[in-house]
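I am keeping these notes as I look through one structure, element by element.

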Amino acid sequence: MSTVTIITTCYNPGAGLKKTLDSVLRQDYDDFEYIIEDSASIDGTKDLVALYAEKFKEKGIPFYFYSEKDTGIYDGMNRAVKRAHGLFINFMNADDIFYNKHVLSNIFSKKSIDNYDLIYGDCVEEEFGKYYYFPKDFSKIRTKMPFSHQSVFVKKEHLEAFPFKTSLRIGADYDFLLNCYDNELSFYDCGNIVT
């Protein structure tokens, strides 16, 4: 079992997937696996993934690519969770990137980290060439998304217990966090910029 599973869900992601692949491959932490859950893309995604599969193999990182039609992003995320072997899962979808190459090692080198159910951090977003700090505020979880979806690591068992609601077109990730909060799971602010 890996400590972490990184999951990328996508459908015709174009050049954005290469950014994500490079970011994941750059990590200086090696106790993780990477899953791409693709919804039968027709834009050359399979060819790009084939080029990167060897790079992950050379680095010793388990790499899995699944390409089959799903009913939407949350269906794809649920499918990928079932395939994952990691203790914690992070969704780093196409066009998302880790803040730097030390993100995973900075968080998961801490010995007590597995005592928590959800680990979250900070996010910096780029828009039109400018970077903005995504303000996290866990105290407002009842009224809005408390942190960036890409900046959280969740124990697999909780993603299985509270799967994303595929009936929701948007906001299933927020709904999931509220379920975790209502069930008194432990949230931990790691204090690191994740993405």
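**Entry 1: helix α1.** I looked up which residues of α1 are buried in this predicted model, and I found G16, L17, T20, L21, S23, V24 and L25. Because 7 of the 10 residues of this helix, which covers residues 16-25, are buried, I can call α1 largely enclosed by the rest of the structure. I then asked myself which elements the buried residues of α1 pack against. They pack against the strands β1 (4-10), β2 (32-38) and β3 (63-67), and also against the helix α2 (45-59).

**Entry 2: two residues with positive phi.** I noted that N12, which is not a glycine, has a positive phi, near 50°. I place N12 in the loop between β1 and α1, and its relative accessibility of 29% lies between the limits of 20% and 50%, so I write it down as partly exposed. I found that D95 is also a residue other than glycine with a positive phi, here about 90°. D95 sits in the loop between β4 (88-91) and α4 (103-108), and at 43% relative accessibility D95 too counts as partly exposed.

**Entry 3: the cavity.** How many cavities of 30 Å³ or more are there? I count 1, and the space in the largest cavity is about 60 Å³. The elements that each give two or more residues to its lining are β4, β7 (152-155) and α6 (172-182). I listed the lining residues as I89, N90, F91, H149, V152, V154, L159, F164, D173, F176 and L177, and by class they divide into 8 nonpolar, 2 polar and 1 charged.

Entry 4: I next looked up the largest pocket, which holds about 380 Å³ of space. It is lined by 13 residues, and those closest to its centre are D95, I97, V124, E125 and E126. When I sorted the lining of the largest pocket by class, I had 6 nonpolar, 2 polar and 5 charged residues.

Technical notes:
Residues are numbered from 1 along each chain as its sequence is written. This is a predicted model: local features need pLDDT of at least 70, side-chain atom pairs count only at pLDDT 80 or more; totals for chains, interfaces and linings use all residues. Side-chain values use heavy atoms; hydrogens and water are left out. Buried means under 20% relative accessible area, exposed over 50%, partly exposed in between (1.4 Å probe, protein chains only). Helices (H or I, at least four residues) and strands (E, at least two) are DSSP runs, numbered from the N terminus. Contact means heavy atoms within 4.5 Å. On a 1 Å grid over the protein atoms alone, a cavity is a set of points where a 1.4 Å probe fits but cannot get out, and a pocket is an open set with protein on both sides within 12 Å along at least five of seven lines; lining residues have an atom within 4 Å of a point. Grid points are joined across faces, edges and corners, and a volume is the space filled by probe spheres set on the points. Ala, Val, Leu, Ile, Met, Phe, Trp, Tyr, Cys and Pro count as nonpolar, Asp, Glu, Lys and Arg as charged, and the others, Gly among them, as polar.
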